[in-house]
Amino acid sequence: MYDNITRRLMTAIVCTGLSCGLTGCLHFHKGPKVPVLPPVLTPIPLLTIPPPANPPLIPAPVIDLPPMPIAAAAATPRRERRRLAPKSSATAPAEEAAPEPATDESAIGDLTAGGAANPEAQHEAASLIHTIQIRLNGLPPQVARRQRSQVNRVRNFWKQAQEALNSGDVEGATTLATKAKLLLDDLDKLGGE
């Protein structure tokens, strides 16, 4: 009982001291008061500074700066819609492009087309995304609860991979799906322990 009263008394003293200290501290730290000056009622003439008598001997260099980039256009890239190739009619003559002569640029090799022109890569990316979806749905609830942040990261990569594949970015979809697969592999290792 005596211990309880002493504890309450000490608490009251500390609280009182802190409140007095803070109010006193705020009172002294308001800063010095600056007197307000009366307004100027009569106009004052402005002085003009004459140019220097001896101008500098070296002319100032002229610097051509590149144009400023426009950040708004770069921040929101526009996606172009895929346009269906017009169906050729039987009466239209078929045009064939003449092969271009070999140049030094073609000496490095032919470039392969990505996207719709490479259905094998598109199929591999879609298969990987589908496998990740099946593995995500098959995670044990205990692992999903314990590793919630890791599971959310996997779902985020999986969703981004789907969006990339739908927009035609097969390489980006494969990269994102691979990241999701690696994170899922880590989850499987943690779940087995």
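Leu9, Met10 and Ile13 form a nonpolar patch on the surface of the predicted model. Together, the three residues have about 310 Å² of accessible area. Met10 belongs to helix 1, which covers residues 2-28. The relative accessible area of Met10 is 48%. Met10 therefore counts as partly exposed, because the exposed class begins over 50% and the buried class lies under 20%.

The fold context is helical. The protein has six helices and zero strands. From the N terminus on, the order of elements is α-α-α-α-α-α. The accessible surface of the protein comes to about 18000 Å². Carbon and sulfur atoms account for 62% of that surface.

Burial was examined next. The protein has 193 residues, of which 13% count as buried. Gln150 is one example of a buried residue, with a relative accessibility of 14%. This value falls under the 20% limit, so Gln150 is classed as buried. Gln150 sits in helix 5, which spans residues 148-167.

Contacts complete the description. Leaving aside residues up to four places away in sequence, Gln150 touches Leu183, Asp186 and Leu187. Across the protein, contacts between residues at least 6 apart in sequence were also considered. Of these contacts, 71% join residues at least 24 apart.

Technical notes:
Residues are numbered from 1 along each chain as its sequence is written. This is a predicted model: local features need pLDDT of at least 70, side-chain atom pairs count only at pLDDT 80 or more; totals for chains, interfaces and linings use all residues. Side-chain values use heavy atoms; hydrogens and water are left out. Helices (H or I, at least four residues) and strands (E, at least two) are DSSP runs, numbered from the N terminus. Buried means under 20% relative accessible area, exposed over 50%, partly exposed in between (1.4 Å probe, protein chains only). Contact means heavy atoms within 4.5 Å. Accessible areas come from the Shrake-Rupley method with a 1.4 Å probe; for residues, only the protein chains shown count as cover. Patches are made of residues with over 30% relative accessible area and no salt bridge: like charges are joined within 9 Å, nonpolar side chains (Val, Leu, Ile, Met, Phe, Trp, Tyr) within 5 Å. A salt bridge is a side-chain nitrogen of Lys or Arg within 4 Å of a carboxyl oxygen of Asp or Glu.
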